[in-house]
Every structure is written in structure tokens, then in C-alpha cells.
Amino acid sequence: MNRLLTNVPVLLASLALAGCAASGPAAPSATTAAPDTTRPAATTASRASQPAEDLSKYRPKFSPPPAPKPLTGKTFVTPTASVNAQIDQRLRDQAYTNQNVKYTSGYRIQAYVGLERDEAMAIRRAVISRYPEETDYVVFKQPIYRLFIGDYATRLDAERAMLRIRPLAPKAELQPAQVLINKTRF
């Protein structure tokens, strides 16, 4: 019984392959076939040069678009509801609101973190003596002193400043922070 079950799939596969082989294109045989004498020779030659069917009668025919009318003159339309006064008021309100903004997210350089106040002040004096335009912030949260330098709105500005300050504070690193907006720069 087991042998019969194993032979059945083999038998089905061979039948399927035999059916596929019979439906394939015929291979050229060793014997030569007799020429077809039922059709004249001129008909086969003329068919090769002509298309199978003339399809031009089925192609859509379009008429060209009409020419645009020439413009006679420009017409001016007077506005019926002017919004300029409303826009001006909104812009004034926004400008007033922007003047009251004092902080933005930015970066400061943390030049020192440690327990020694004298060391923090020495780094602060070195930075201020060399770069007097930089602002400095000394923060004391017991028992740690932190020295922050500058208010930078972009990381690029902070990186540039850190390259200048790095010789004075070798352990300096960038810290994201709320920074003051200097209104004189704008």
C-alpha cells in the first residue's frame, strides 16, 4: 500500500510533463516538408510588406482649439472690502507681542563644574579678560559651582564660541538652555 502511495505522485507528475511536452512548439524534423502549393507565392510576399489591417478609420480626429481673443484693454477692479487696516492692526499686535519675548531656547557653554569656587572664578576672569563681550553666569547649587558662558541662539554660534574658549577651559561643553534674546542684535 505504501509503495502505491509513493508511486501515485510520480505517475501524476510524469503525466503532467508529458502533456506539457505535447503542447509545446513542434521541433523541426529530419524529413523535409512538402511546400504549400495551395496558396500562390505572390500572396505571401505582398502580405509581408503590407500591415495587417488599416486602422486609420478608428483613430480619433481632433479639431484645433479656437484662437484666443485679443485683449482690448486692462480693466481695473476696485476692491469693495479693504482688509489693509485689519492686517496692519494684526501686524502691530504681533510686533508688540514679540517685543515682550525675552527668552528663547538656545545654548550656553558650561566652562566649569566642580567644588572649588576659586577655580571657577579664575576661569571666569580668564574668559572675561580675553572676550569682554561674552556674558557669564556663575551658578551655585550646594556644593557644586557651575560657570556658563554666553547666550547663543543656534548651535553653530555656540560651537564657534566654544572653539575660542576651549584653550581657557579644556573641559568646556555645550548645554541646551533658555537664553536671553539680545534686542540690539536685531
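Is arginine 160 buried or exposed? Select arginine 160: this residue is exposed, with a relative accessible area of 51%. Here, buried means under 20% relative accessible area, exposed means over 50%, and partly exposed lies in between (1.4 Å probe, protein chains only).

**Before you start**

This is a predicted model: local features need pLDDT of at least 70, side-chain atom pairs count only at pLDDT 80 or more, and totals for chains, interfaces and linings use all residues. Residues are numbered from 1 along each chain as its sequence is written, and side-chain values use heavy atoms, with hydrogens and water left out.

**The whole chain**

Show the protein as a cartoon. From the N terminus on, their order is α-α-α-β-α-β-β-α-β. Helices (H or I, at least four residues) and strands (E, at least two) are DSSP runs, numbered from the N terminus. Of the 186 residues, 15% count as buried.

**Stop 1: helix 1**

Select Val8, Leu11, Leu12 and Leu15. Together they make a nonpolar surface patch of about 390 Å². A patch is made of residues with over 30% relative accessible area and no salt bridge; like charges are joined within 9 Å, and nonpolar side chains (Val, Leu, Ile, Met, Phe, Trp, Tyr) within 5 Å. Accessible areas come from the Shrake-Rupley method with a 1.4 Å probe, and for residues only the protein chains shown count as cover. Now pick out leucine 15. It sits in helix 1, residues 2-23. Leucine 15 is exposed, at a relative accessible area of 54%.

**Stop 2: helix 5 and its salt bridges**

Go to helix 5, residues 155-165. How many salt bridges does the structure hold? The count is five. A salt bridge is a side-chain nitrogen of Lys or Arg within 4 Å of a carboxyl oxygen of Asp or Glu. Side chains of opposite charge can pair when their charged atoms come close.

Aspartate 157 is partly exposed, at 34% relative accessible area.

Next, select glutamate 159 and arginine 155. This salt bridge has its closest N and O atoms 3.7 Å apart. The two residues are four apart in helix 5, again separated by about one helical turn. Glutamate 159 is partly exposed at 30% relative accessibility. Arginine 155 is partly exposed at 45%.

Now select glutamate 134 and arginine 164. Their side chains form a salt bridge at 2.6 Å, N to O. Glutamate 134 lies in the loop between helix 4 and strand 2 (136-141), and arginine 164 in helix 5, so the pair ties together parts that are 30 residues apart in sequence. Glutamate 134 is buried, with 12% relative accessibility. Arginine 164 is partly exposed, at 33%.

**Stop 3**

Leucine 174 belongs to strand 4, residues 173-180. Leucine 174 is buried, at 14% relative accessibility.

**Stop 4: a pocket**

Which residues line the second largest pocket? Select Gln110, Ala111, Tyr112, Val113, Glu119, Ile123, Ala169, Pro170, Lys171 and Glu173. The space inside is about 170 Å³. On a 1 Å grid over the protein atoms alone, a pocket is an open set of points where a 1.4 Å probe fits, with protein on both sides within 12 Å along at least five of seven lines; lining residues have an atom within 4 Å of a point. Strand 1 (103-114) and helix 4 (117-130) each supply at least two lining residues. Strand 1 gives the largest share, four residues.

Stay on isoleucine 123, in helix 4. Isoleucine 123 is buried, at 13% relative accessibility.

**Last stop: a cis bond**

Zoom in on glutamine 142 and proline 143. A cis peptide bond joins them, with omega about 5 degrees. Most peptide bonds are trans. Proline 143 is in the loop between strand 2 and strand 3 (144-152).

Note on methods: Points joined across faces, edges and corners; volume = space filled by probe spheres on them.
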